[in-house]
Amino acid sequence: PAARSRPGAWGGSSSSAMQANGAGGGQQQPPPPQGPAVPELGCLGAQNGEASSGSAAGEQLAHANGLLPSASAANSSGGGSSPGGLSVNNGVPAAGGPGSAAAELGGGGGSALKKKKRLSQSDEDVIRLIGQHLHGLGLNQTVDLLMQESGCRLEHPSATKFRNHVMEGEWDKAENDLNELKPLVHSPHAIVLGIVVRMKFLLLQQKYLEYLEDGKVLEALQVLRCELTPLKYNTERIHVLSGYLMCSHAEDLRAKAEWEGKGTASRSKLLDKLQTYLPPSVMLPPRRLQNLLRQAVELQRDRCLYHNTKLDNSLDSVSLLIDHVCSRKQFPCYTQQILTEHCNEVWFCKFSNDGTKLATGSKDTTVIIWQVDPDTHQLKLLKTLEGHAYGVSYIAWSPDDNYLVACGPDDCSELWLWNVQTGELRTKMSQSHEDSLTSVAWNPDGKRFVTGGQRGQFYQCDLDGNLLDSWEGVRVQCLWCLSDGKTVLASDTHQRIRGYNFEDLTDRNIVQEDHPIMSFTISKNGRLALLNVATQGVHLWDLQDRVLVRKYQGVTQGFYTIHSCFGGHNEDFIASGSEDHKVYIWHKRSELPIAELTGHTRTVNCVSWNPQIPSMMASASDDGTVRIWGPAPFIDNQDIEGKTTSMYIGKLM
């Protein structure tokens with residue numbers, strides 16, 4: 001006779017030939033013989049309906065999830081009793097020892113009997129992961145049924161007993177359980193002993209802290225002296241623990257020990273630590289399925305070239321039903337606004353630290369301050385700062401955005417310190433007419449700044465332009481103050497970046513290039529440096545390891561001073577102007593550009609990414625314009641999910 005579909009595919013149809021008592025085709029199964037001993041871990045004898053142990057103990061292990069006692073087989077399946085008291089799994093009987101039939105697939109006597117395919121190791125792992133997750137949701141009857149039908153178990157019975165004793169605070173029993181768990185740790189004997197000692201130490205530490213919280217100081221002292229100290233493990237921690245005896249009340253203890261206090265929270269955290277010493281075949285790592293899913297989501301985000309939104313590690317913030325894909329249309333690749341108020345080449349642009357303003361400097365001798373509308377992201381002219389006779393080639397915002405320093409080109413010996421709020425000039429500084437002050441950087445305290453140029457000047461000044469310190473003979477191309485408030489990085493005419501400490505007057509080499517460094521900028525964490533190198537392009541250096549990390553391709557860089565920047569959420573992106581009139585954007589980990597933005601008609605001198613609005617970027621060009629870049633004007637909801645759409649989004653120009 002033709003074989004029928006597997007049990008479970010029938011969805012409980014009354015026409016099923018397999019009855020609830022486990023017999024098929026009118027034939028009665030014989031009582032099973034006593035099964036073999038239960039294996040140590042993984043799946044038991046029954047695999048998708050294969051035979052499991054016929055003994056009462058075997059039956060209990062075959063269908064218990066290992067965490068809570070399961071309901072009886074009859075109650076779980078909703079059917080009648082099966083011969084020999086076997087558990088019934090959705091109509092599939094758990095039969096006796098080796099060679100017994102798992103289920104009769106055909107109707108009528110004498111039909112061929114087949115065993116179902118054994119579960120693979122990966123299938124077993126997935127079932128256990130699902131079971132653990134369902135147990136965490138409180139769906140224990142569902143877990144029982146899943147373990148019955150698959151023949152798997154969630155964890156080793158000894159681990160279950162250990163878990164229950166820890167959660168109930170039965171420390172002596174939990175300590176005894178370690179002897180049962182010891183043989184399950186498949187490592188050399190000496191390593192196993194070390195593991196047991198560390199686990200015992202964690203148990204006793206919790207026991208000690210709970211005694212202290214309950215005010216049982218003598219009992220706690222007994223644990224410290226007679227149980228923890230003899231372990232001869234982590235004596236430094238024991239000294240710390242002994243100090244907790246002086247805590248006057250429970251709140252003081254919890255604060256000093258950074259401990260949640262006696263109860264479920266601290267014991268669950270303890271179990272998480274203890275589990276790390278046990279193989280996953282014995283006890284699954286906590287929340288293993290959620291961690292795997294979170295890792296998968298993070299990996300997809302990391303591989304997404306256009307991911308530019310705030311990272312949220314919560315699985316509730318994403319759909320697990322589709323792959324993570326960000327559309328290019330959500331990225332700042334589209335011209336939102338063209339600012340044409342400058343009447344000559346625009347040499348520099350820089351967003352304020354709070355992202356609410358943009359400053360642009362031009363050959364037309366002015367600095368224009370633009371206000372960013374927080375809702376529309378449109379910019380409007382706020383103030384024009386005039387009188388920079390040589391033009392403005394560099395701008396630096398103070399850390400609090402109250403002040404702005406403007407510098408000129410090589411032949412400019414002056415710098416201007418403006419009060420942004422009032423638009424008034426606070427200081428116009430010039431040490432000598434022979435100076436060249438072309439670069440500036442603020443100290444993190446906002447009370448000092450450093451400035452210098454290629455003629456050998458390198459000064460530290462206060463807000464009134466008073467000279468605080470100077471460093472002779474350093475021909476400065478570009479400057480940056482590190483967050484330590486002491487170190488100033490300066491690129492010089494020797495194709496290098498050196499660190500200068502104005503406190504102890506020491507200096508050291510940090511970066512050495514083979515070609516002139518036209519400009520550089522530093523990441524927020526101070527770890528990475530982004531260099532525009534003459535005839536070479538954009539280079540990324542690791543300042544801590546002092547190694548060249550990446551050379552970005554595509555950009556045209558001659559001997560013009562072009563300023564690049566980090567940008568986007570977590571500064572995952574890099575943008576630079578170019579002498580071929582384009583703006584190039586790279587993902588930090590990829591040497592090839594992910595976007596080439598066209599629209600400017602002459603060299604793009606500077607690019608600035610809004611530090612607070614990751615979807616906004618500005619570029620300044622010799623064509624006299626400043627372009628504001630943002631996402632496509634209209635984004636279809638489907639497109640956000642990475643699906644195709646027929647909607648016209650807008651031009652790249």
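Arg602 is partly exposed, with 39% relative accessible area (buried means under 20%, exposed over 50% and partly exposed in between, using a 1.4 Å probe and protein chains only). This is a predicted model, in which local features need pLDDT of at least 70 and side-chain atom pairs count only at pLDDT 80 or more, while totals for chains, interfaces and linings use all residues. Residues are numbered from 1 along each chain as its sequence is written, and side-chain values use heavy atoms, with hydrogens and water left out.

Let us follow Arg602 to its partner. Arg602 forms a salt bridge with Glu345, their closest N and O atoms being 3.3 Å apart (a salt bridge is a side-chain nitrogen of Lys or Arg within 4 Å of a carboxyl oxygen of Asp or Glu). Because Arg602 sits in the loop between strands S27 and S28, and Glu345 in the loop between strands S3 and S4, the pair ties together parts that are 257 residues apart in sequence. Strands (E, at least two residues) and helices (H or I, at least four) are DSSP runs numbered from the N terminus. Glu345 is buried, at 15%.

Glu175 and Lys200 meet through their side chains in a salt bridge of 3.0 Å, N to O. Glu175 belongs to helix H6 and Lys200 to helix H7, so this pair links parts 25 residues apart in sequence. Glu175 is buried, at 19%, whereas Lys200 is partly exposed, at 25%.

Altogether, the structure holds 22 salt bridges. Some share partners: Asp172, Lys207 and Glu227 are joined into one network in this way.
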